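Dear colleague,

Please read the notes alongside the coordinates.

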Amino acid sequence: MNDITLDDLASLPRPDHLRELFATDPGRAERYVTAAGDLRIDWSKASIDDPTLDVLLALAESSGVEARRDAMFAGDHINVTEDRAVGHAALRMPAGSSFEVDGENVVPDVHEVLDAMGAFADRIRSDESITHVVNIGIGGSDLGPAMAYRAMRAFRHDRIRCSFVSNIGGDDIASVLADCDPASTLFVVASKTFGTIETLTNARTARTWLIDALGEAAVADHFVAVSTNAERVAEFGIDTGNMFGFWDWVGGRYSVDSAIGLSLMIAIGPVGFREFLGGFHVIDEHFRTAPLRENAPVLMALLGVWYANGLGHDTKAVLPYANDLARFPAYLQQLDMESNGKSVDLDGHRVTHDTGPIIWGEPGTNGQHAFYQLIHQGTRIIPCDFIGFAKGNHSYQEHHDLLMANLFAQSEALAFGRSNDAEPHRNFEGDRPNTVILAERLTPSVLGQLIALYEHVVHVQGTIWGVDSYDQWGVELGKELANQITPELTGEAKPDDHDSATNALISWYRTHR
Ligand code: F6P
């Protein structure tokens with residue numbers, strides 16, 4: 001076969017309707033299931049057939065998926081625009097193993113920080129004085145721990161609760177502080193750069209609030225920092241002895257398994273956190289070693305590429321059938337859209353194909369009563385990932401059976417539909433692709449496995465699309481303009497250099513603020 005390119009995908013024949021694919025291939029339901037760690041990934045209801053799959057696997061080969069995967073695990077600087085290694089896999093490697101970044105094995109450093117976090121978490125968990133941990137961060141320094149804290153509801157310490165403050169809007173910090181007692185609150189200021197305006201503003205407000213109640217000396221016992229930038233942590237007024245570090249080779253959206261997960265570790269304990277990391281590592285090893293045809297992240301990535309570039313689907317819904325995973329779609333939005341929402345390739349040329357999809361979703365069954373109408377009968381095709389578990393993390397079996405019945409029903413209804421020629425409004429066309437990811441139970445390990453699965457999907461897709469999945473220059477212009485506009489709103493500077501519409505917005509705000 002000649003080298004396949006992305007541009008070839010749109011002209012490939014479309015697979016038959018899923019009804020046909022199942023009718024003509026009795027083995028499909030077994031063959032199109034892939035196991036990875038504790039995850040059972042059923043992609044039999046994906047819009048794909050064997051010939052298309054062969055083409056996609058050839059595309060993976062010709063795009064250098066294996067070489068780029070190996071380069072990541074070798075610590076090469078695959079984040080080219082920032083000239084950095086991409087080392088999140090090192091964060092979950094067992095002690096005694098090796099991951100080299102710039103000629104140095106970083107695994108011992110990783111475990112040194114994990115040990116320090118573990119000692120600190122144990123102290124907080126056993127010392128009765130702290131009952132509320134407030135993580136102040138944004139983006140990767142918020143979404144990971146906030147999502148995982150919620151997901152791990154059943155594994156949390158029963159005395160300590162965590163809150164998460166991220167938004168610069170004062171209502172976020174105001175509502176959390178209103179619910180805090182200064183004497184029993186620990187603030188974790190989480191920022192890779194320690195230069196993010198939202199986090200620093202929220203942290204300053206929290207610091208003032210604490211000092212007003214308990215005096216300056218209390219900061220040492222009630223503030224810790226998580227960052228790669230010790231200098232800025234010290235400048236802010238947190239003793240670097242109370243700082244947990246990580247490294248520039250960990251991307252923000254890939255950092256929940258670094259010290260950024262400190263609040264999660266306090267909640268689920270160091271043992272639970274190590275299980276979480278162990279889950280990531282299982283999938284890392286699967287991704288690193290499984291042949292492409294049996295490699296879950298590769299297969300899921302190829303499906304996504306096929307949907308985007310072959311079939312022209314713009315979005316993907318992630319639909320967890322576990323309310324504890326309510327924040328998982330939001331987490332994946334950053335992971336995927338900040339990674340692959342790019343339109344120039346690694347050589348700086350404009351790409352000629354679509355790249356990252358729009359990711360969205362809500363837990364089932366809530367979404368069923370909101371937007372599933374469009375997924376079933378709308379004019380757009382929305383590929384869906386369903387996620388579910390054999391057992392719920394609660395004792396209400398009736399609820400769980402109903403929940404899972406709904407998941408299976410949605411998957412079936414979308415794929416096969418139900419014809420009704422007499423009443424078109426009751427006609428379900430079907431052929432709406434979906435993947436069903438199942439595991440026994442949502443444990444720390446399984447959560448780590450799910451996250452790592454999607455991380456590697458994003459990596460493979462970024463490779464095929466030829467983009468740098470590990471930078472995020474697209475967030476910079478808005479930040480720069482916000483910095484310019486802030487003094488213009490308060491009257492310290494004159495509105496300058498904007499378009500007429502933006503000038504009008506600024507002037508309206510100045511009149512009404
Ligand atoms: O603005 C985007 C971003 O840089 C994300 O990539 C990152 O996760 C977030 O901001 C927070 O950054 P930091 O951890 O440095 O505060």
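The crossing of H7 and H14 is left-handed, a term used when the near helix is turned anticlockwise from the far one by less than a right angle, clockwise being right-handed. Helix H7 covers residues 143–151, and its axis lies 9 Å from that of H14 at a packing angle of about 155 degrees, which makes H7 roughly antiparallel to H14, a label given to angles over 145 degrees. Here the axes are lines fitted to C-alpha atoms over the stretch in contact, with angles running from 0 to 180 degrees between N-to-C directions; helices are DSSP runs of H or I with at least four residues, strands are E runs of at least two, and both are numbered from the N terminus. On the H7 side Leu143, Gly144 and Met147 meet Phe328, Ala330, Tyr331 and Gln334 of H14, contact being heavy atoms within 4.5 Å. That contact has five nonpolar, two polar and no charged residues, where Ala, Val, Leu, Ile, Met, Phe, Trp, Tyr, Cys and Pro count as nonpolar, Asp, Glu, Lys and Arg as charged, and the others, Gly among them, as polar.

Please note that this is a predicted model, in which local features need pLDDT of at least 70 and side-chain atom pairs count only at pLDDT 80 or more, while totals for chains, interfaces and linings use all residues. Residues are numbered from 1 along each chain as its sequence is written, and side-chain values use heavy atoms, with hydrogens and water left out.

Grid points are joined across faces, edges and corners, and a volume is the space filled by probe spheres set on the points. Of the 43 residues lining the largest pocket, Thr193, Thr196, Gln472, Val475 and Lys479 lie nearest its centre, and H18 gives the most to this lining, with seven residues.

The second largest pocket has a volume of about 400 Å³, and helix H16 (residues 397–416) supplies the largest share of its lining, five residues.

Finally, the whole structure holds four cavities of 30 Å³ or more, and the largest cavity has a volume of about 100 Å³.

Best regards

Definitions and conventions: On a 1 Å grid over the protein atoms alone, a cavity is a set of points where a 1.4 Å probe fits but cannot get out, and a pocket is an open set with protein on both sides within 12 Å along at least five of seven lines; lining residues have an atom within 4 Å of a point. Angles under 35 degrees count as roughly parallel, over 145 as roughly antiparallel, 65 to 115 as roughly perpendicular and the rest as oblique.
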